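Okay, thanks everyone for coming. Let me put the model up and we'll walk through it together.

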Amino acid sequence: MTMAEPVYFDDVVAGQQLPTISKGPMSTAHIMRWSASMENWHRIHYDWHYATGHDKLPNVLVNGSWKQHVLVQLLTDWAGETGWLWKMNFQYRGMNVPGDTLNAWGRVTGKEVRGDLGLVSVEMGLKDQKGAESSPGTATVVLPQRGGRPVPYPFDPAILG
């Protein structure tokens, strides 16, 4: 296995698209396995009769924590071994159900040098196969400058002053 080339702050430009990640189509087995791994036993994730009858949902639902995981994967895959996902926030604005394919996307919206490190602002989210956005958000990724010092591991935001 070879490591990907590092991403340097100097090479990132506003408007740059992050490589997308696609997951799916989601199945009830995917949803249930994630629920089991997280010990989330809410019936809306595995009991179709309960989800559609009692809670009046369209189907069982993809877990919110799974969506969060995919967004973290998008950002950490892009930042690579030399970068650090510092902050992330997002909203759950839509439901995803079995049969959906979810596509994590990101776009650089800004850059700032703080100290000797680079902060990159990213807009990101999850869209289904029809293009409907279910989990929009933003993030800040710390990247090293070319020829500069590495981003410390673990990253301590206090070093930014």
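So, to start: where is Pro-25 found? Pro-25 is in the loop between strand E1 (21–23) and helix H1 (28–38).

Quick housekeeping. This is a predicted model, where local features need pLDDT of at least 70 and side-chain atom pairs count only at pLDDT 80 or more, while totals for chains, interfaces and linings use all residues. Residues are numbered from 1 along each chain as its sequence is written, and side-chain values use heavy atoms, with hydrogens and water left out.

There's another cis bond, from Tyr-153 to Pro-154, with omega near -5°. Pro-154 sits in the segment after strand E5 (137–144).

Now H1 itself. Ile-31, Trp-34 and Ser-35 are buried there, where buried means under 20% relative accessible area, exposed over 50%, and partly exposed in between, with a 1.4 Å probe and protein chains only. Looking down the axis of H1, the buried residues fall within an arc of 100°, so they line one face of the helix; the arc is that of the directions from the helix axis to the C-beta atoms. And what do the buried residues of H1 pack against? They pack against H3, which is helix 64–79. Over on the other side of H1, Arg-33 and Ser-37 are exposed.

Glu-39 is in the loop between H1 and helix H2 (48–54), and it counts as exposed at 63% relative accessibility. Lys-56 also has a positive phi, near 60°, and it isn't a glycine either. You'll find Lys-56 in the loop between H2 and H3, exposed at 67%.

On to the aromatics. How many aromatic pairs does a search of the whole structure find? It finds 3, taking rings of Phe, Tyr and Trp (its six-membered ring) as paired if their centres lie within 6.5 Å, with planes under 30 degrees apart called stacked, over 60 edge-to-face and the rest tilted. One of them is Trp-86 with Phe-155, edge-to-face, 5.8 Å centre to centre and 70° between the planes. Trp-86 lies in strand E2 (84–90) and Phe-155 in the segment after E5, so the pair ties together parts that are 69 residues apart in sequence. Phe-155 is buried at 9%, whereas Trp-86 is partly exposed at 23%. Phe-90 and Tyr-92 form an edge-to-face pair too, 5.3 Å centre to centre with 80° between the planes.

Val-142, in strand E5, has a relative accessible area of 0%. Beyond its neighbours within four places in sequence, Val-142 is in contact (heavy atoms within 4.5 Å) with residues including Trp-86 and Phe-155.

Last stop, charges over rings: NZ of Lys or CZ of Arg within 6 Å of the ring centre and within 35 degrees of the ring normal. Lys-111 lies over the face of Phe-9, 4.3 Å from the ring centre, and Lys-127 over that of Trp-105, at 5.3 Å.

Key: Helix = DSSP H or I, 4+ residues; strand = E, 2+ residues; numbered from the N terminus.
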